[in-house]
Structures are given as structure tokens and as C-alpha cells.
Amino acid sequence: MATGVQPVSTKETPESLEAFSLLGETVLGLIRAQTPLPEILTVLCTQIEKRYAGLLCSILLLDIDGKTLRHGAAPSLPEEYSRAIDGAQVGPNVGSCGTAAYYNQQVVVTDIATDPLWADFRLLALSHGLRACWSTPIASLDSKILGTFAIYYREPRSPDAEHLQLIVHCTQLAGIAIEHDRAKAQLRSAETRYRNLVERVPAITYIAELGAEGRWHYVSPQIETILGYSPAEWLANPMNWLNHIHPEDREIALAAEKHFIETHELFQAEYRMFASDSSVIWFRDEGVPLVKADGHALLMQGLMYDITEHKRLEDQVRHSQKMEAVGQLAGGVAHDFNNLLMVIQGHNERLRDRLAPADPARKDLAEIENAVNRAASLTRQLLAFSRKQVLRPKVLDLNTVLTEVTKMLRRLIGDNIELIVIPSALLGGVKADPGQMEQVILNLAVNSRDAMPQGGKLILETSEVDLEAGDARSGEDTPPGRYVVLTVSDTGSGMDAATQARMFEPFFTTKPPGKGTGLGLATVYGVVKQSDGWIRVESKLGRGTTIKIHFPKVEKVPAVRTQTEELLPVKPLASAGPVPGGTESVLVVEDQEGIRNMIGESLRRNGYRVVIAEDGDQALQMASGLADPIDLLVTDLMMPNIGGRELAHQLMSLRPQMKVLFMSGYPEQTVSGNEINEETEAVLQKPFSLDKLARNVRRVLDKRES
Ligand SMILES: Nc1ncnc2c1ncn2[C@@H]1O[C@H](COP(=O)(O)OP(=O)(O)OP(=O)(O)O)[C@@H](O)[C@H]1O
Ligand SMILES: [Mg+2]
């Protein structure tokens, strides 16, 4: 067959040499001028066709898949023919070009009419009057096939030496043009990918000279949305970076910069920056060395991630952990104190009872009593803060509570403060302890009063809000849902950030000694948390304070008055009427020896038959050996081994007639465990007076079976 690889003659005539070098210059000139590839290839073809009468040129480009030939340039071939060839798959018998690309060899077909390689394309070629076709692969510098360069004639013909030289030159030139074009395309797509990343990650990307005052060469457009400066504004002043860093964080940033300059290791720093609207943004900044084009000077290329939200959550977690720890401590202290106070109180009462009514020492005992009461109210606040207090939650109407408290408030806040109450018309219910809720409102109002010594406005408002999932205000401790909101705002002194950060801590106060205990807001915090609510504070120094408390909304039920008054702790010791007694049998279980003995003795003096046990195990043992009935069990709620509730449960299964009175002073482990069932349970919160003990013992014993 007339097909084959032809040896290329290296003999070049001076005339052809000059023509080739001219052609080369033209093509390279076009490449340099960034002329589009199809145009360059067309010029190449046209130049050759001009020089050789009857010669027709075609350049096909091989797709990156390495299988498909695409139209490149063929200025003189019939368009219809070019269109038909476009998309041909390379293969062992695909005309001259498909075969040349397939074998990566020159294929010379001198007569299309007879050559078997053209079997599938013969009719097409002949119908356009094409008879000879010599095709040569165009290769890249690293020998990859980029396409084919073909010469057609309209009569059977084989190439002469000049043709072969021409082919060598043209494939080289076409190769350079195609490779250059592909490199450009690759660069473009790499740049697009890089730009896409750099401009769309939620972070600021930058390239800057080393040093805190180094000039910035590039900053990505996100700087506008994150910091509020346009890239041009930012790049204009090399001092922008350092100047916008929070003064407290400059040292960190500078140290990281210094370390980077010395070691060229990863630059890493977290710092705050001021945005154009003066808001503070937290960044994590990470940078790597970047060698400048000259190969010497070093730049830094890095990313500044906005981690403000992350920091906020971190703070929140840290804060609640701290409050939890302080709460545990406060609860523990309160418990021990309560036990001590009970002992003091009990012995004080006994002393009093021994004195004649006119004894002047009674006055001293009354002072002790007063001090005990004040101390008891402190421990109660501590327990409230630690969320370990006994709660009697009810479904409340916040407006009703507010109305009640307001009556008291008018007197409390004085004349120079204007009190404005704005109750919401249709307000849902809140599940909380009514006494505690009043305490919350009072504490907040008193704080506002103290913040407005020159007078001002105190606004108490109720409302309802819907927090949806994803709401900026709803976070870990603020699940979405419907909330009843109590807002207390004042036009007082306001607080700086440092005060706000610590305001809920127990014993944190900015008031002079003797003025504030620092337990007001700690109590509020505990009560609100225990009711599954949460608090938001908005305050600026000199601009007043707004505190919003969110309680989960519950369905309202008609209010029922229950007999809680009798059980509420800390009533004046000297209560009316003689102390009631009885002759029933009482089992007293209490792990604190001092209290145990005191209660036992006191009940005995009131006429009861008393059995004492120091814990649940001992109580069960004693009860099983006791033939007589036990009319009443008086037991501490929290004891080692068997708790009060469990003990009552076990004893009652054997003695269903037995009544129970619980005592509580110990911070319980679970919030729900602290809730008292008003209908069935009686609880005395420590410290309580012996007088009160006697009244409650009588009351429980006299209670009818329901
Ligand atoms: N409405 C407010 N305006 C300005 N500062 C406030 C306001 N509420 C609280 N504070 C600040 O928070 C601190 C703590 O308040 P908190 O109620 O816990 O304690 P206190 O008022 O100092 O003492 P206590 O309430 O025990 O008498 C206050 O000392 C005060 O600095
Ligand atoms: Mg206060």
C-alpha cells in the first residue's frame, strides 16, 4: 500500500529555508500577540497553501480524552467535509489522520480512491474531489499527541522532499501554538479554581510583606462583608492590620509575627479586630511563607477566619461551667450552714423556754434569733442560686405576680423613680415557684433602684416571643420555642463589660460593704435556671440596663390556692398560741447528730413517744422489731444509703397508716427530685424552729386521709 512512514529528508534549499523562517516568525508573532488558536492555525494553513498551488491544509486537534479529533483549521477544504470529519474517533483504519493519531506515525495516502485506510471515508472525500492525503501527528515537547497536520491534493500524489520538510516545520509550529494555548487554558482554569476558593471561603485571604507593618499585596473581597472595608481601602495603608487589632491582643499578634519571621513556620494567632462599625470580630489567622517571583524575598500568604460565633459559644460554656461549680460550692456551704443554724436555733429556743417571761436575758436570745433568721435567709438565697432549693412550682400568670409585687415596689423604690408596668394582654403561663418569682422581680427592681440614685424610670413588662430554630438568640441553652418574657429596664448607671461578665456570681457586688451581699442576681439566676428559663442582659455604662428573662410558655390552668404558707421557712420564731403536742409515736431519722437529738428531745417534751434512728438502714431495722404502730415518720430527705423518700416508701408498704414529714436542707442531685407534691408531701426546709416543727408534726398527724 502507498501508506507508510516516509523518511524525512533534511535537505533544505536556501529558498525554502527563508520561507520557513518567515512562516515561523509569523506564527510566533501571533502567539506572542495572544491571538486565538484557531486564527493562528488558519494563518499557518493559508500561508502554506499560498506557496504551493493545489495544496490544501488541515489541522485537527486531539481531545484531552486522546480519542476524538476535532476541527482545528482547514481554510480551503469544503466546509461540509470539515464538519463531517469533526469528531472522528482515532483508530487503525480511520483515513489518514485518524490512523496517524492512532499509531503516532506519519500516514501517507497517495490515492484515496484505492487505499483501504479510507474505506469508511472514501465516498465523502471523493465527493469533494479529494484524492491524496498525507497526515502527520503533531506532538508536544514531552511527546504527547496534540493533533494532526494533513496535506490534501485533488489528484493522486506522493510527497517530495520539500513537502516533507514543510511538514516537519508546520507540525513543529502547530505544536508550539497548540501547547501554548493549552498551557494558557490550564493556567486560566487553575486560576479560576484558586480564585473561586479564595473569594468564596468564609474567610479573608491575604498576601502581605513580612512584619507587622508590612505592605499588603492582596486581600480578598470578603474583607468588605467581614470587616466593612473595601480591599482598596485596606491595601492603602500598611498600618491597617495592626491598627485594627484590639489593643489587648496586639502583643499576641506581634509575637506570632515575630516567631514567623524568625522560623518561617506556620503563622498562627487568635485575636480580636475592630470592624468599620466598631464591632469586635474574633479571628483565627493562619499564614504560610510565600516566595516572591524573584525567588528571594518572602511574603506571607494566609487566611483569617471569623471565629466570633465560636468564641461566643466557648464563653457561654465556660460561664455556665463556672456558675455550675460555684453553685455546687454554694449549695454545699449552705447545707452545712443550715444544719448549724438549726442547732443554734433549737438551743436558743430551749434556753428561752427555761427563762421566766420577764427575764431580761430574753432580749439577748431574741437578738440571736434575729441573726439566725438573717443567716437562714442568706443560705436560702445560696440554695436558690445553686438551684438546689425545694421548689413548689405552679403554673403562674406572670401578670398576676407582677401586680402583686408592684404594690410592694411602689414603697420600695421611692418617689423619684417612675414605675411603669406594661402587662401583655394575652399572656401564657409560666411554671415556677410563686414566692421565687416574686423574689426575682424584687431583686431586679431593687438593683434598678440602686442604679438610679438620682431617679429615673423603671419599666416592668411582660410579653411573649417565638424563638425559631436558628434564631441568633437561641443557642445551646436557648432551644427554640414559645417563651413568656419578663423585661425589667431602667435608665440607671448601666454596667461595663467587666461587671456584666460577673454580675450573676454569688457575692459579686459593686456596692459598698454593708450595702449589697451580691446574692440578688445569683438568686435570680438560680430560680430562672431551675424553671428552665434563661436571661439576656443589655447594658451600657451610663445608658441604663435591660434584663430579659425568658420562661418556657406553658398552658394556663385555673389557679388553686394551696396551703403552702404554713410550710414556708423562716417565719418569726415567736408564733402565736401555745405549742401543740400529742402522744402519738414518732420515728425520727436524721444523720446529723446535733439535729437528731434536738428534734427527738423536743418532740418528747411535747408528749410524743419518740424513736430515733441515725439513717435509713437503722430505721428499717428498728421498725421491723417494733410491735407498736408508728404514727409519723420525720425524716431527712437526703441521707447516705437510703434517702428519705425511699425509706418512707419502704416503711409505708408495711405500715400504710403511717404519716410522713420530710426535712430538707441538703442540695439534692436532680432538679426534679426537689419538686414537692403539694397534695401528698409535707416538707420542712432547714433551718426551722422547734416551734414550727411542733406545729407541722401536729398538722400532718391531724391531716385526714384523702
Ligand atoms: N440594673 C442594674 N444597673 C446597674 N448595675 C447593676 C444592675 N443590676 C445589677 N447590677 C450590678 O450587678 C451587681 C450584682 O448585683 P446583685 O443583685 O447580684 O448584687 P447587689 O445588688 O450588689 O447585692 P444584693 O442584691 O445582694 O443586695 C451589682 O452590685 C451591680 O454592680
Ligand atoms: Mg441586688
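**Figure 1. H11 passes H17 in a left-handed crossing.** The model shown here is predicted. Helix H11 spans residues 308-354, and helix H17 spans residues 593-605. They pack at an angle of about 30°. Their axes lie 9 Å apart. From H11, the contact takes in Asn339, Met342, Val343, Gly346, His347, Arg350 and Asp353. H17 meets them with Gly594, Ile595, Met598, Glu601 and Arg605. Sorted by class, this contact holds four nonpolar, four polar and four charged residues.

**Figure 2. Backbone atoms of Gly518, Leu519 and Gly520 approach oxygen atoms of ligand 1.** At Gly518, a polar backbone atom is 2.9 Å from a ligand oxygen. At Leu519, a backbone N or O atom lies 3.0 Å from an oxygen atom of ligand 1. At Gly520, the distance from a polar backbone atom to a ligand oxygen is 3.3 Å. Taken alone, ligand 1 exposes 600 Å². The protein buries 90% of that area.

**Figure 3. Asp532 has a positive phi.** Its phi is near 60°, and Asp532 is a residue other than glycine. Most residues other than glycine have a negative phi. Where does Asp532 lie? Asp532 sits in the loop between H16 and strand S16, which covers residues 534-539.

**Figure 4. Lys686 and Pro687 are joined by a cis peptide bond.** Omega is about 0° at this bond. Most peptide bonds are trans. Pro687 belongs to the loop between strand S22 and helix H20. S22 covers residues 683-685, and H20 covers residues 690-702.

Notes:
Residues are numbered from 1 along each chain as its sequence is written. Chains are lettered from A and ligands numbered from 1 in the order in which they are written. This is a predicted model: local features need pLDDT of at least 70, side-chain atom pairs count only at pLDDT 80 or more; totals for chains, interfaces and linings use all residues. Side-chain values use heavy atoms; hydrogens and water are left out. A polar contact is a pair of N or O atoms within 3.5 Å; within protein, one must be able to donate a hydrogen and the other to accept it, and residues adjacent in sequence count only if both atoms are side-chain atoms. Accessible areas come from the Shrake-Rupley method with a 1.4 Å probe; for residues, only the protein chains shown count as cover. Axes are lines fitted to C-alpha atoms, for helices over the stretch in contact, and angles run from 0 to 180 degrees between N-to-C directions. Helices (H or I, at least four residues) and strands (E, at least two) are DSSP runs, numbered from the N terminus. A crossing is left-handed if the near helix is turned anticlockwise from the far one by less than a right angle, and right-handed if clockwise. Contact means heavy atoms within 4.5 Å. Ala, Val, Leu, Ile, Met, Phe, Trp, Tyr, Cys and Pro count as nonpolar, Asp, Glu, Lys and Arg as charged, and the others, Gly among them, as polar.
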